[in-house]
Amino acid sequence: MGNKFREKPAAEEPKVKVEEPVVETPAPEPAAAEAPVLRKGGRADRAARGIGRVLGGDILADKLLLRQIPLLLLCLVYLLLIIGNRYRIESMSRDKAATEERINYLREQRIQMQKQYQQSVKMSQIAEDLKETGVGITAGPPYEL
């Protein structure tokens, strides 16, 4: 990159452009069976030049790209925020699933304990009713006399 503000020496004379006369030539008539003409500035040629600029590092010195650096940094920050939030949400969903599994386990345990309690209350209620009638409950298995 040269200095575009360099002063010209005083001895140098300005160059005068001489215009040449324009001569019109008739356009050739297209032949019906001609092969397609490959243009030098085609798509493949432009792609090769673009890849060369990227690999050579010339694209990093381009003014258009230099003006877009703040936007690129902002996009990078947003991308990092999105990735971080996704990781945090996945972690929270795993914790939620583990908590729900624990809640279901504890709920089943409570139901089992409640059944055992109801059964013991039922047995004690029957024992109290039998005492009122005068019939007792034996502690062991029944036996014959």
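## A charged pair in helix H3

Glu 90 and Arg 86 both belong to helix H3 and sit four residues apart, about one turn of the helix, where helices (H or I, at least four residues) and strands (E, at least two) are DSSP runs numbered from the N terminus. The two side chains form a salt bridge, with their closest N and O atoms 3.3 Å apart; the term stands for a side-chain nitrogen of Lys or Arg within 4 Å of a carboxyl oxygen of Asp or Glu. Side chains of opposite charge can pair when their charged atoms come close.

Glu 90 also meets Arg 94 in a salt bridge, at 3.9 Å from N to O, and these two residues, being four residues apart in helix H3, are likewise separated by about one helical turn. As for accessibility, Arg 86 is exposed, with a relative accessible area of 59%, whereas Glu 90 is partly exposed at 35% and Arg 94 is partly exposed at 48%; buried means under 20% relative accessible area, exposed over 50%, and partly exposed in between (1.4 Å probe, protein chains only).

## Basis of the model and its confidence

This is a predicted model, in which local features need a pLDDT of at least 70 and side-chain atom pairs count only at pLDDT 80 or more, while totals for chains, interfaces and linings use all residues. Residues are numbered from 1 along each chain as its sequence is written, and side-chain values use heavy atoms, with hydrogens and water left out.

The chain averages a pLDDT of 78, and 68% of the residues score at least 70, pLDDT being the predictor's confidence in each residue, from 0 to 100. Within the chain, confidence is lowest in helix H1 (residues 43-56), at a mean of 77, and highest in H3, at 93.

## Helices and their spans

The chain has three helices and zero strands, and its pattern along the sequence reads α-α-α. The 65 residues of H3 should span 96 Å at 1.5 Å a residue, and its end C-alpha atoms are 95 Å apart, which agrees; the expected span is 1.5 Å times one less than the number of residues in the helix. Just after H3, Gly 134 takes a positive phi of about 100°.

H1, with 14 residues, reaches 20 Å from its first C-alpha to its last, close to the 20 Å expected at 1.5 Å a residue.

## Surface and nonpolar patch

Of the 145 residues of the chain, 1% count as buried. The accessible surface of the chain comes to about 15400 Å², of which 60% belongs to carbon and sulfur atoms; accessible areas come from the Shrake-Rupley method with a 1.4 Å probe, and for residues only the protein chains shown count as cover.

Leu 66, Ile 69, Leu 73, Leu 76, Leu 79, Leu 80 and Ile 83 form a nonpolar patch on the surface, with about 650 Å² of accessible area together. Patches are made of residues with over 30% relative accessible area and no salt bridge, like charges being joined within 9 Å and nonpolar side chains (Val, Leu, Ile, Met, Phe, Trp, Tyr) within 5 Å. Helix H3 (residues 69-133) gives the largest share of the nonpolar patch, six residues. Leu 76 lies in helix H3 and is partly exposed, with a relative accessible area of 44%.
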